[in-house]
Amino acid sequence: MSIEEATTPSRHEPLTAERAYELYWADLLGDAPTFFCVGHACTAQLICACLDKAEQNLRIRPYFRSRRIEDHAATCEVAHPANEPNKEKRPDVFEAERPADHFRRLPAVTAPSAESAATRAGASPVGDTAAAGATPRGPRPGVTPRPSHYYRLSSLVQKFLEHRRDKDLAEAEVEIGGETTTYEALFRNVFRQKAAELTGTRAVWWGTASLRATREGGYYLRFSRPFRHDDQELRPTITLTAKDIDAYPVRKLLRARLDKLIADADGYCVVFVWAKPWMPKDAEKPFVRFYVNNLDHIDVRGPEILEELKNTSRVGNG
């Protein structure tokens, strides 16, 4: 049974598995964090599957699961949900910027007891909510489930791959940049699209690319397949500077992935970037570049996902 949220003694907030994964790789959860159910008066311990796997080794998104279903309290609505009609599906949400305190270190709290679990189900202990900016708990009977919120593009790419396998890309919706669209319309292959007509189009552009490390400690990516411009073919590029990477809270995860791709695949990769293609107006020789000011907006994967991607339809210019 996959579970949406859990708590951990080192944080004053319910965590999604996605957020737990980010905090773990930002060295904010310790080497072996423990997780507990958020259900009413429940003290069941949970496992966060795939927590310690670097993203290049992930085949599914991280998720919480129970060790044993009988560990949950009889009052736990997470393990024993009420029979209710299907709730309305809501779009996933991709946040362009993280909250300012997203990676804030929080003081440790004691492990939950039956009494503290009951407290979590009702009012929070005095001072905890205000001090830690605690977010609302998981779904309650009669409440429409909240959409999933994501900050890193890699999470959205995982959802894209899942919807592709489920063959519902045209129906599955995502809110991104303040607009709601479908996963099918959002993801665009760069191959032979007209660059000059798309410089105002922010999308998740993707394609195969070559990756190399720079002498300054950053990385340089060059797409293998081109945009079109008049009678020319222009292969877009991306530069990730060492300064930007060193300031990135999840830099350990990013560098692990990029260095492994260089070592194992000689830099051959598939890159996804949420950005607009940029072309200089007065350059002697035209070129296309994607600028990535927020490293949450790029995802670089190994070539093994090409099998899943090769039949994904490209969306037209309209």
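**View 1. The two faces of helix α7.** On the face of α7 turned away from its buried side sit the exposed residues Ala263 and Asp264; exposed means over 50% relative accessible area, buried under 20% and partly exposed in between, with a 1.4 Å probe and protein chains only. The model is predicted: local features need pLDDT of at least 70, side-chain atom pairs count only at pLDDT 80 or more, and totals for chains, interfaces and linings use all residues. Residues are numbered from 1 along each chain as its sequence is written, and side-chain values use heavy atoms, with hydrogens and water left out. The buried residues of α7 are Leu253, Leu254, Arg257, Leu258 and Leu261. They lie on the same side of α7 because they cover an arc of only 125° around the axis, taken from the directions from the helix axis to the C-beta atoms. An α-helix has 3.6 residues a turn, so residues three or four places apart point the same way.

**View 2. The length and end of α7.** Helix α7 has 15 residues, 251–265; helices (H or I, at least four residues) and strands (E, at least two) are DSSP runs, numbered from the N terminus. From first C-alpha to last, α7 reaches 21 Å, close to the 21 Å expected at 1.5 Å a residue, where the expected span is 1.5 Å times one less than the number of residues. After α7 comes Asp266, with a positive phi near 55°.

**View 3. Two loop residues with positive phi.** Asp27, in the loop between α1 (17–25) and β4 (35–36), has a phi near 60° although the residue is not glycine. Asp27 is partly exposed, at 46% relative accessible area. Cys50, in the loop between β5 (45–49) and β6 (63–66), is also not a glycine and has a positive phi, near 70°. Cys50 counts as buried, at 17% relative accessibility.

**View 4. The largest nonpolar core.** This core has 57 residues; a nonpolar core is a set of buried Ala, Val, Leu, Ile, Met, Phe, Trp, Tyr and Cys residues joined through side-chain atoms within 4.5 Å. Those with the most contacts inside it are Phe35, Phe64, Ile238, Leu240, Val273, Phe290 and Ile298. Elements that each supply at least two residues include α1, β5, α7 and β17 (268–275). The largest share, 6 residues, comes from α1.

**View 5. The surroundings of Ile238.** Leaving aside neighbours within four places in sequence, Ile238 is in contact (heavy atoms within 4.5 Å) with residues including Tyr219, Phe223, Val271, Phe290 and Ile298.
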